[in-house]
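Hi,

Here is the structure I said I would pass on. Have a look at it first, and then read my notes on the charged pairs below.

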Amino acid sequence: MRIRIVDAFTDRPFAGNPAGVLILDSFPDDGRLQNVAMEVNHAETAFAHPLPPGGEADWALRWFTPVSEVDLCGHATLATAHVLHTTGAHTGPVRFATRSGVLVATPAEDGSFTLDFPTAPLTAVALPDGVAQALGAEPLTAFDTGPNIGDLLVELPDEKTVHALRPDHKALGAHSRRGIIATARAENPALGYDYVSRCFFPNVGIDEDPVTGSAHTALAPYWSERLGRTALTGLQASPRTGRVRTEVRGERTLLGGRAVTVIEGELLAW
């Protein structure tokens with residue numbers, strides 16, 4: 001069985017967000033999937049298998065962190081679409097049946113993909129006690145991001161504050177189902193991005209996620225409303241960094257990016 005490590009939301013290796021990808025004939029029991037994800041030990045490992053023709057989706061897709069299954073994952077979806085196309089297993093737009101409904105990945109001639117995801121519903125909330133102390137910075141606003149993501153989205157005063165964060169990950173885990181998205185407006189949009197973010201997900205075993213597609217389904221509507229444009233580019237300012245093109249279309253958000261296969265090997269124990 002082939003297993004691949006793919007760097008997503010980047011056009012070069014050793015950047016963006018790495019995901020494990022396995023193409024299966026069917027899904028085994030959950031324990032085996034979780035064990036593989038724990039062994040791969042990246043933010044997510046994606047498992048996909050083909051579905052019968054004629055249905056609403058082409059492939060079934062699931063995502064696991066090293067400690068749990070998740071409802072939505074952008075970078076591992078992009079990584080899976082990249083593997084399907086580069087191996088010839090699928091051509092054209094690919095429809096994935098997932099916990100979050102049918103998600104479509106559409107390839108472009110330059111090798112990039114556009115993902116069609118549900119827009120996260122944002123609800124303003126009072127900043128929970130302890131969040132500022134755990135982050136090490138005082139947020140300006142706080143929003144719940146809804147059931148698919150389960151994060152707390154907070155805006156910080158400026159881009160420098162986002163880059164300088166050194167949070168207490170254990171303390172952050174008490175304030176949301178998955179974690180915290182910290183964001184700020186870009187200081188210099190001429191550099192090619194409109195907003196910055198960092199994502200901390202201690203509750204699913206990821207202290208800091210390198211590039212988080214699902215978080216951009218909340219970041220995109222948040223910044224589109226404030227900047228007055230539906231099409232934006234976000235920079236996730238993790239040590240690996242990555243850029244996500246976003247476009248809000250009502251209840252759907254488009255996420256654009258590229259991916260690079262870095263490792264391909266054989267899974268010997270299953």
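**Salt bridges**

R198 and E208 form a salt bridge, with their closest N and O atoms 2.8 Å apart. Keep in mind that this is a predicted model. The R198–E208 pair links distant parts of the chain: R198 belongs to strand β13 and E208 to strand β14 (residues 206–209), 10 residues apart. R198 counts as buried because its relative accessibility is 6%, under the 20% cut-off. E208, on the other hand, is partly exposed, at 22% relative accessible area.

In general, side chains of opposite charge can pair when their charged atoms come close.

D194 counts as buried, at 12% relative accessibility, whereas R229 is partly exposed, at 38%.

Then there's R99 with E69, a salt bridge whose closest N and O atoms are 3.1 Å apart. Here R99 sits in the loop between β6 (94–98) and β7 (101–107), and E69 in strand β5 (residues 69–70), 30 residues away. E69 counts as buried, with a relative accessibility of 18%.

How many salt bridges does a search of the whole structure find? It turns up 15. Some share partners, joining D30, R62, E69, D71, R99 and R177 into one network.

Cheers

Definitions and conventions:
Residues numbered from 1 in each chain as written. Predicted model: local features only at pLDDT ≥ 70, side-chain atom pairs only at ≥ 80, totals over all residues. Heavy atoms only, no water. Salt bridge = Lys/Arg side-chain N within 4 Å of Asp/Glu carboxyl O. Helix = DSSP H or I, 4+ residues; strand = E, 2+ residues; numbered from the N terminus. Buried < 20%, exposed > 50% of the residue type's maximum accessible area, 1.4 Å probe, protein only.
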